Amino acid sequence: MNLTQLYKYRTLATTGKWKELEELFNKSIQLQHIGASISLSNPEQPQVHIAKVEDYHLGGIGSDAVHGGTIAAIADLALGLLGLLHYKDGMTATAQLTVHYLKPFRTSSLTATAITQKVVGNRVFGTVELFNDKNEMCAIAYGALAKGISM
């Protein structure tokens, strides 16, 4: 992504054009590469979905559970989407992320929902809950975004 694209994303976020921003994200090579999509239908609780868990999402040799790195990447993406509400102050970036794996993700799909817990100074603290196809929470992540990053 180049600077022009970043400015476009920032403009869409600061003007509340969530559907257009969602479409841009979902067309990105990054999300296509990991087989994920996002939903900004509620920008205060953005979601990341993997509609169909593929072999490349799985971890370990012969494991049927989603790889921890995949879970962490989805949690990081969901947390990062919380920053869109703060783009008027500048860009955001993950400053800290801790993932707690509660049970193996043996699932055909995965959904992550992020929620802002608190904003303190230039930090946005959030929680990401990750669910399997039975709506069971299999992981929870806590993190912080740095905000106000100039481009």
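The questions below go from the core to the helices and then to the strands.

User: Which residues have the most contacts inside the largest nonpolar core?
Analyst: This is a predicted model. Its largest nonpolar core has 37 residues.

User: What span does H4 reach from its first C-alpha to its last?
Analyst: H4 covers residues 68-82, which is 15 residues. At 1.5 Å a residue, 21 Å is expected. The model is close to that, at 22 Å.

User: Which residues does Leu84 contact, leaving aside neighbours within four places in sequence?
Analyst: Beyond its sequence neighbours, its partners are Ala13, Trp18, Leu21, Phe25 and Leu40.

User: What geometry does the aromatic pair have?
Analyst: The structure holds one aromatic pair. Its members are Tyr9 and Phe25, with ring centres 5.0 Å apart and 75 degrees between the planes. Planes over 60 degrees apart count in one class, so this pair is edge-to-face.

User: Which helices does that pair link?
Analyst: Tyr9 and Phe25 are 16 residues apart in the chain. Both are buried. Tyr9 sits in H1, and Phe25 sits in H2.

User: Is Leu3 buried, partly exposed or exposed?
Analyst: Leu3 lies in helix H1, residues 3-14. Its relative accessibility is 46%. The middle class runs between 20% and 50%, so Leu3 counts as partly exposed.

User: What is the C-alpha distance between Leu3 and Met151?
Analyst: In sequence, Leu3 and Met151 are 148 residues apart. In space, their C-alpha atoms are separated by 7.7 Å.

User: Is Thr113 buried or exposed?
Analyst: Thr113 is in strand S4. Leaving aside neighbours within four places, its contacts include Pro46, Thr127 and Glu129. The relative accessibility is 11%, so Thr113 is buried.

User: Which side chain makes a polar contact with that of Thr113?
Analyst: Gln45, Pro46 and Gln47 are among the residues in contact with Thr113. One of these residues has a side chain joined to that of Thr113 at 2.9 Å, and it is Gln47.

User: Which residue in S6 stands opposite Glu129?
Analyst: S5 and S6 pair in the antiparallel sense, over nine bridges. Their hairpin has five residues between the strands. Across from Glu129 is Ile140.

User: What is the phi of Asn135?
Analyst: Asn135 is in the loop between S5 and S6. Asn135 is exposed, at 60% relative accessible area. Most residues other than glycine have a negative phi. Asn135 takes a positive value, near 65 degrees.

Conventions. Residues numbered from 1 in each chain as written. Predicted model: local features only at pLDDT ≥ 70, side-chain atom pairs only at ≥ 80, totals over all residues. Heavy atoms only, no water. Helix = DSSP H or I, 4+ residues; strand = E, 2+ residues; numbered from the N terminus. Expected span 1.5 Å × (residues − 1). Buried < 20%, exposed > 50% of the residue type's maximum accessible area, 1.4 Å probe, protein only. Phe/Tyr/Trp six-rings, centres within 6.5 Å; stacked < 30°, edge-to-face > 60°. Core = buried A, V, L, I, M, F, W, Y, C linked by side-chain atoms within 4.5 Å. Contact = heavy atoms within 4.5 Å. Polar contact = N/O pair within 3.5 Å; in protein donor to acceptor, adjacent residues only side chain to side chain. Pairing = 2+ DSSP bridges.
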